[in-house]
Amino acid sequence: MIFKVFAAQELGRLFELLAVNMIVGPVKKGGAADGRVLYDFAPVYDLADLCLDFDQTIHSAKKYLLPYVEETCSFKLEEVGWEKEVDYGGNQPLVLFGLHACDINALNKLDKVLLAQPYPNQFYGAKRAGIFIVGHSCQPTPACFCHAMGTDSVLHGCDLFLTPLGDDYFVEIMSSRAFHILENLNLREPGRDDHRRFQGVVEQRKSLFTAEVDTSDLTKILDMEFDSAVWAQWGDRCLSCGTCAQVCPTCYCYGVEEVVAMDMKGADKFRQLYSCNLLDFAQVAGGHNFRPESRSRLKYRYYHKHRGFVEAFEEALCVGCGRCGTNCLADITVPEVIASVRRGEVDDV
Ligand code: SF4
Ligand code: SF4
């Protein structure tokens, strides 16, 4: 990795250089009932609209690689027979500007599943190949626990990562294309003072985390607590709304729907992201539902993220962004669920 420093006023130049492609970044999206400013990722045409001091976006940037609804193919009956059209997307390069470490690490986790052989998701792969990512450091919210999941810093998966140091930016360069773009700025080598300032920012950020998750031996504890009453208590509280999966940067489960034309001479097939907490998630042909109760659906959501995925990839399918808890109408949060499983009981539910 290469480290450089540039003056903060040069950020506009970087934005201009990247604006030859569509830039998507955090922008204001109104306010919450409790007065918080809400942010979300959206196309940005002017640096002034880019809110790099955002705390958390409602959705992650996942939606640009894994849209909530995506047409996967269409069929038409022609004279010669059935013709199929597939557009993988990804024709338009995209710059994701201002992603926090958790969201970059979330894409790294999705890569492990969706780019894996022998059945890579070509729709995801086509878009991923055309994406340039500018990471940006953050200030933790009370809901964040990325430090506990080991996803609070980035070693790969983005092109460059910016950390503001007052009048300067400390930049970690992680790709040759980022290096060549940054050559157009007045870069300088970081000195000892810059290193100290950078470490000061890192330490100050660490001190702001308040949410904790103890992940030690968690897979074993989950195995032991599979029949714990805790799951019923949390599960009965769950409204099965599916919001947690929709805002989660690492959820990738989907359903497929085919819409057949009225004349039966064509059809469009769609993939739609789905949530394992929805009532019919485990319903199969014939009507049998393997998980008819919210308690079993909620439990399996946790077992997929913190048990099965760890076994397959040696890491959890959770980056500790806290979005699921922030947006859950039933106040179900990962730190509280995991703490209660460890204790073997639920407080105040
Ligand atoms: S957001 Fe909360 S209530 Fe809705 S499905 Fe997820 S855990 Fe259940
Ligand atoms: S499970 Fe919750 S905290 Fe973990 S990555 Fe998904 S939304 Fe973020």
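**Reading a sheet and a helix**

Analyst: This is a predicted model, in which local features need pLDDT of at least 70, side-chain atom pairs count only at pLDDT 80 or more, and totals for chains, interfaces and linings use all residues. Residues are numbered from 1 along each chain as its sequence is written, while chains are lettered from A and ligands numbered from 1 in the order in which they are written.

User: What is the order of the strands in the open sheet?

Analyst: Strands of a sheet pair through backbone hydrogen bonds, either parallel or antiparallel. Here the 4 strands follow the order β5-β4-β11-β10, with antiparallel pairing (strands are DSSP runs of E, at least two residues, numbered from the N terminus; two of them pair if DSSP finds at least two bridges between them). β5 (81-85) and β10 (254-260) are the edge strands, each pairing on one side only.

User: How many bridges join β4 to β11?

Analyst: Antiparallel β4 (residues 69-78) and β11 (residues 266-273) are joined by 7 bridges. K76 has G266 of β11 as its bridge partner.

User: Where is the kink in α10 centred?

Analyst: The kink in α10 is centred on H304 and amounts to about 45° (the bend at a residue is the angle between axes fitted to the seven residues ending there and the seven starting there). Helix α10 (residues 294-313) has 20 residues, a helix being a DSSP run of H or I with at least four residues. Just after α10, E314 takes a positive phi of about 60°.

User: Which residues of α10 are buried?

Analyst: The buried residues of α10 include L298, Y300, H306 and F309 (buried: 20 or more other C-beta atoms, placed from the backbone, within 10 Å of the residue's own).

Technical notes
The expected span of a helix is 1.5 Å times one less than its number of residues. A residue is buried if 20 or more other C-beta atoms lie within 10 Å of its own, exposed if 12 or fewer, and partly exposed in between; C-beta atoms are placed from the backbone.
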